[in-house]
Amino acid sequence: MQLGDSRTGKLADNIAGFGRALRRAGVRMDSARIALAQDAAQLVGVDERFDFGAALESVMVSREQDRDIFRELFDVYFRNPDIAAKLLTQMLPSAEARAEPTKRRPRVSEALLPQKAFGQKDRKKEEEKIDLDAAMTASDSNVLRHADFNALSSKEYALVERLAREVALPIPMVASRRTRPGVRGASLHWGNTLRHAARTGGELMELRKLTQREEDLPLLVLVDVSGSMERYARLLLAFLHAATRTHKRRNVFAFGTHLTDLSHAFRIADTDAMLAAASAAIDDFAGGTRLGESLATLRQTHERKLVGRRTLVLIISDGLDTGEPAELDIELQWLGRHCRKLLWLNPLLRFDGYAPLAQGAAVLHRHADAMIAVHNLSKLEDLAARLAEVMKAGRR
């Protein structure tokens with residue numbers, strides 16, 4: 001069924017409203033994509049729900065992590081089974097049929113909250129929006145980037161958590177044991193050399209080389225989920241999940257009074273779903289900190305996750321350990337012998353003149369190759385550069 005000009009009438013309103021809902025759910029969206037979606041709807045029609053959804057998804061979604069959000073929101077937004085008729089007669093979100101209650105992602109639920117109808121003006125809301133826009137000037141945005149995560153309001157915290165997911169964290173590359181054909185290298189690639197010689201009558205006109213492949217360092221992350229780290233833990237887990245999404249060898253653990261393996265949760269593509277799975281897995285959240293006992297569990301149960309001496313280990317903690325310093329010292333010695341670098345990411349570096357004077361912090365500082373600040377967005381943005389600097393430096 002051809003719909004004529006899809007940019008007029010109810011269909012255009014439906015698609016524009018759906019685009020705004022996607023934007024509220026955190027999916028990148030602009031007027032150009034909405035216009036493309038309207039053109040796509042005109043081409044495929046609305047007779048087949050699957051074809052209609054696939055057409056919209058192809059032009060409205062550009063990131064893999066947004067696909068699940070799109071599909072869930074599409075099913076909720078266009079929930080009327082007689083979609084071909086309903087799209088042309090009424091706005092589907094207000095259709096008579098009521099969908100069965102479903103377990104939705106928080107982003108989808110927030111996106112479906114009632115919104116002011118298009119064209120209607122509310123003076124009070126308009127003034128609040130102006131105030132909000134004025135508050136987010138370039139100067140104040142810079143202040144937010146440098147604000148400590150623990151000092152943010154709930155709305156600021158939610159905004160900063162979203163922004164943290166966009167921060168990149170390229171892991172340093174190292175030469176692997178595997179080789180590939182290249183221009184330079186210590187070894188000859190005899191196969192390529194002889195094949196090339198066969199084309200020149202057996203004369204060795206060029207010596208082909210083998211060069212070492214480069215690969216990401218294996219990554220092992222230990223995140224402190226004790227009470228003093230409560231506000232940092234969630235935000236940093238979201239940051240790490242998004243920033244290391246394409247990393248092939250990534251193992252993540254939470255530790256408080258004991259060790260919790262979060263690697264299964266981190267395999268979930270959607271960050272909100274990952275946080276929900278991690279929250280369900282962690283049963284000692286906001287409790288005490290026993291890093292020594294947790295490292296002992298890591299050594300006894302998960303030793304094989306440390307790939308030789310190549311693994312980069314990140315310990316995210318404020319160092320306020322309540323366990324035995326002697327046990328922590330022994331376990332950190334073992335960990336240092338089985339990894340390439342041991343880095344301590346410490347949010348307490350937000351304080352000028354901070355020194356690791358507590359017993360647990362002093363032991364951790366003694367064994368760490370570097371102590372790096374991670375208490376605001378600016379420090380997260382600088383983290384990749386700091387990692388590169390530490391990797392180039394020799395071991396302490």
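## Confidence of the model

The mean pLDDT of the protein is 80, and 80% of its residues reach 70 or more. The model is predicted. Among the elements of the protein, strand β6 (residues 259-261) has the highest mean pLDDT, 96, while helix α5 (residues 83-89) has the lowest, 38.

Two stretches also call for caution. Over residues 117-121 pLDDT stays under 50, and the model has one contact beyond four places in sequence for them. Over residues 123-135 pLDDT again stays under 50, with three contacts beyond four places in sequence. Where pLDDT is low, the predicted coordinates should not be read in detail.

## The sheet

An open sheet is formed by six strands, in the order β6-β5-β4-β7-β8-β9, with mixed pairing. Its edge strands, β6 and β9 (370-372), each pair on one side only. On average, neighbouring strands of this sheet are turned by 25° against each other, direction ignored.

Strands of a sheet pair through backbone hydrogen bonds, either parallel or antiparallel. The pairing of strand β8 (residues 341-345) with β9 is in the parallel sense and runs over three bridges. Leu345 has Ile372, in β9, as its bridge partner.

In soluble globular proteins, nonpolar side chains tend to be buried together. Here the largest nonpolar core has 49 residues, and Leu169, Phe239, Leu343 and Leu380 are those with the most contacts inside it. Helix α11 (residues 230-243) gives the largest share of this core, nine residues.

With neighbours within four places in sequence left aside, Leu380 is in contact with Phe149, Ala164, Val167, Leu235, Leu236, Phe239 and Val374.

## Aromatic pairs

A pair of aromatic rings is described by the distance of the centres and the angle of the planes. The model has six aromatic pairs. In one of them, the ring centres of Phe70 and Phe74 are 6.0 Å apart and the planes are at 20°, under the 30 degrees that counts as stacked, so this pair is stacked.

Phe70 and Phe74 are four residues apart in helix α4 (residues 67-77), and therefore about one helical turn separates them. Both Phe70 and Phe74 are buried. Ring pairs also link Phe70 and Phe74 with Phe18, Phe52 and Tyr77 into a cluster.

## A partly exposed leucine

Leu36 is found in helix α2 (residues 31-44). Its relative accessibility is 46%, so Leu36 counts as partly exposed. Leu36 and Ala55 are 19 residues apart along the chain, and their C-alpha atoms are separated by 9.7 Å.

Notes
Residues numbered from 1 in each chain as written. Heavy atoms only, no water. Phe/Tyr/Trp six-rings, centres within 6.5 Å; stacked < 30°, edge-to-face > 60°. Helix = DSSP H or I, 4+ residues; strand = E, 2+ residues; numbered from the N terminus. Buried < 20%, exposed > 50% of the residue type's maximum accessible area, 1.4 Å probe, protein only. Core = buried A, V, L, I, M, F, W, Y, C linked by side-chain atoms within 4.5 Å. Contact = heavy atoms within 4.5 Å. pLDDT = per-residue confidence, 0-100. Pairing = 2+ DSSP bridges. Axes fitted to C-alpha atoms, helices over the stretch in contact; angles between N-to-C directions.
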